[in-house]
Amino acid sequence: MAANKSTKAQAATVDDSTMEQFKIESFDVRKYNTIFYSIRDLYGRESQRQLGSDNFDWKAFKLQFEICFGRPEDCRYTTEQLLNFAKYKFNMSLEDLLAYNRKSWELRKRREQQYADMEQINSVIQHTPEITNSHVDCSQMLEQQPY
């Protein structure tokens, strides 16, 4: 009996090494910072929930997180390791982390806009003359007004 040959075509992998200076990193590597900061924020919020907001210090947490995970520039862990950690600790995939980060940035932008609006209102309030309860003599003003 003759051996059956597979009729499926094998997909050839694309080699972009000849792109030289125009070569880009894989999607996961480019999203490393997003993944890193999403994990840091999620881990911090969960720690804050467990400790209570009165006992939680974000600056101390960030220092401790840096000791454990390093900085994003260090790339102490691979993207896959961070994604496995996020899946284990928070049950979040890459798509979930990207969505979380996008929402976080939107919230930050809204908050910055609110602060800017409040600063603008405060500057207007500071430039308006104050109303005082001092006595004003209106007799001279009445004489100047034409009838």
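S47 sits in helix α2. The model described here is predicted. S47 has a relative accessibility of 16% and therefore counts as buried, the cut-off being under 20%. Apart from neighbours within four places in sequence, the residues in contact with S47 are F56 and F61.

Buried residues of α2 are Y32, T34, I35, F36, S38, I39, D41, L42, G44 and S47. Just after α2 comes G52, with a positive phi of about 90°.

**Packing against α3**

Helix α3 covers residues 58-69, and its axis comes within 11 Å of the axis of α2. The two axes cross at roughly 130°, and α2 and α3 are therefore oblique to each other. The crossing of α2 and α3 is right-handed. On the α2 side, the contact is made by F36, I39, R40, D41, Y43, G44, R45, S47 and Q48. The α3 side supplies W58, F61, K62, F65 and F69. Sorted by class, the contact of α2 with α3 has 7 nonpolar, 3 polar and 4 charged residues.

**Packing against α4**

Helix α2 (residues 32-51) also has an axis that comes within 10 Å of the axis of helix α4 (residues 79-90). These axes cross at roughly 30°. Angles under 35 degrees count as roughly parallel, so that description applies to α2 and α4. The crossing of α2 and α4 is left-handed. From α2, the residues Y32, I35, F36, I39, L42 and Y43 take part in the contact. They meet T79, L82, L83, F85, A86, K89 and F90 in α4. By class, the contact of α2 with α4 has 11 nonpolar, 1 polar and 1 charged residues.

**Y43, a residue of α2**

Y43 belongs to helix α2 and is listed both in the contact with α3 and in the contact with α4. Leaving aside neighbours within four places in sequence, Y43 is in contact with F61, F65, F85, K89 and F90. Of these, F61 and F65 are in the α3 part of the α2 and α3 contact, while F85, K89 and F90 are in the α4 part of the α2 and α4 contact. Y43 and F61 are 18 residues apart along the chain, and their C-alpha atoms are separated by 9.4 Å. With a relative accessible area of 28%, Y43 is partly exposed.

E20 has a positive phi near 50° although E20 is a residue other than glycine. Its place is in the segment before α1 (27-30). N91 is not a glycine either, and has a positive phi of about 55°. N91 lies in the loop between α4 and α5 (94-127). E20 counts as exposed at 67% relative accessibility, and N91 is exposed with a relative accessible area of 53%.

| Residue | Relative accessible area | Class |
|---|---|---|
| S47 | 16% | buried |
| Y43 | 28% | partly exposed |
| N91 | 53% | exposed |
| E20 | 67% | exposed |

Note on methods. Residues are numbered from 1 along each chain as its sequence is written. This is a predicted model: local features need pLDDT of at least 70, side-chain atom pairs count only at pLDDT 80 or more; totals for chains, interfaces and linings use all residues. Side-chain values use heavy atoms; hydrogens and water are left out. Axes are lines fitted to C-alpha atoms, for helices over the stretch in contact, and angles run from 0 to 180 degrees between N-to-C directions. Helices (H or I, at least four residues) and strands (E, at least two) are DSSP runs, numbered from the N terminus. Angles under 35 degrees count as roughly parallel, over 145 as roughly antiparallel, 65 to 115 as roughly perpendicular and the rest as oblique. A crossing is left-handed if the near helix is turned anticlockwise from the far one by less than a right angle, and right-handed if clockwise. Contact means heavy atoms within 4.5 Å. Ala, Val, Leu, Ile, Met, Phe, Trp, Tyr, Cys and Pro count as nonpolar, Asp, Glu, Lys and Arg as charged, and the others, Gly among them, as polar. Buried means under 20% relative accessible area, exposed over 50%, partly exposed in between (1.4 Å probe, protein chains only).
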